[in-house]
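Open the model in your viewer and keep the selection panel at hand. The stops below go from helix pairs to loops to a pocket.

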Amino acid sequence: MKSRFRCVLTTVESDSHIWNLVYLQMVIEEQGGEVRNLGACTPVEEVVRTVAEDRPDLLVVSSVNGDGSYGALEVLSALHERDLRVPCVVGGKLTTSVSAGDQARRELLAAGYTDVFLSDDAIANFVGFLNFGVAEGFASWKAQAAPLPPWADAAQAAEVS
């Protein structure tokens with residue numbers, strides 16, 4: 001089967017897990033992607049170098065150690081500093097608290113991630129994203145805003161709309 005898109009798959013420097021990467025590689029390949037899997041504990045500079053050399057259609061960052069949101073921000077910041085623009089998505093267990101997920105989602109989307117996949121329906125939503133990306137282009141995807149907590153003020157609500 002000829003690949004329909006090229007993808008770089010990575011985790012953050014602090015995450016030594018590989019099972020999530022193996023699983024995601026299979027999911028991406030099932031959707032027609034050609035995957036370059038950078039493995040666990042990937043240094044930010046290696047991600048940047050690979051994106052610069054390979055010019056993939058998509059960068060997928062996965063983390064399951066609970067502090068992936070910080071590493072994901074570092075990856076995106078380093079790409080932007082070098083003016084490397086590629087649709088980037090991130091997902092997994094990005095915080096140590098489920099209640100912090102929406103805040104992390106807001107921060108990552110505001111930083112420039114194309115989407116952030118969290119919670120029980122993350123894989124189904126990710127597959128939907130991949131199918132959309134193949135048909136329409138990954139950069140055309142419009143992520144849903146993360147819900148605001150009930151105590152959010154009007155200024156915070158205006159930021160996400």
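This is a predicted model: local features need pLDDT of at least 70, side-chain atom pairs count only at pLDDT 80 or more; totals for chains, interfaces and linings use all residues.

Next, clear the selection and pick α2, residues 44-54, together with helix α3, residues 68-81. Two packed helices are described by the angle between their axes and the distance between the axes. For α2 and α3 the angle is about 45° and the axes are 9 Å apart. The pair α2 and α3 is therefore oblique. As for handedness, α2 passes α3 in a right-handed crossing.

Stay with α2 and move to the loop between α2 and β3, where β3 covers residues 58-63. Select Arg55, which lies in this loop. Most residues other than glycine have a negative phi. Arg55, not a glycine, has a positive phi of about 45°.

Now go to the loop between β5 and α5 and select Ser119 there. Ser119 is not a glycine either, and its phi is positive, at about 80°.

Which residues lie nearest the centre of the largest pocket? They are Gly101, Asp102, Arg105, Leu118 and Ser119. In total, 30 residues line this pocket, and the space in it is about 650 Å³.

Which element gives the largest share of the lining? That is α4, with five residues. Colouring the lining by class gives 14 nonpolar, nine polar and seven charged residues.

Finally, select residues 4-137, where an unreviewed UniProt entry places the feature "domain: B12-binding". Over residues 4-137 the chain is 47% helix and 19% strand. Draw a distance between the C-alpha atoms at the two ends of this range: they are 11 Å apart.

Technical notes: Residues are numbered from 1 along each chain as its sequence is written. Side-chain values use heavy atoms; hydrogens and water are left out. UniProt positions are given in the numbering used here, feature names are shortened, and annotations may be inferred rather than shown by experiment. Helices (H or I, at least four residues) and strands (E, at least two) are DSSP runs, numbered from the N terminus. On a 1 Å grid over the protein atoms alone, a cavity is a set of points where a 1.4 Å probe fits but cannot get out, and a pocket is an open set with protein on both sides within 12 Å along at least five of seven lines; lining residues have an atom within 4 Å of a point. Grid points are joined across faces, edges and corners, and a volume is the space filled by probe spheres set on the points. Ala, Val, Leu, Ile, Met, Phe, Trp, Tyr, Cys and Pro count as nonpolar, Asp, Glu, Lys and Arg as charged, and the others, Gly among them, as polar. Axes are lines fitted to C-alpha atoms, for helices over the stretch in contact, and angles run from 0 to 180 degrees between N-to-C directions. Angles under 35 degrees count as roughly parallel, over 145 as roughly antiparallel, 65 to 115 as roughly perpendicular and the rest as oblique. A crossing is left-handed if the near helix is turned anticlockwise from the far one by less than a right angle, and right-handed if clockwise.
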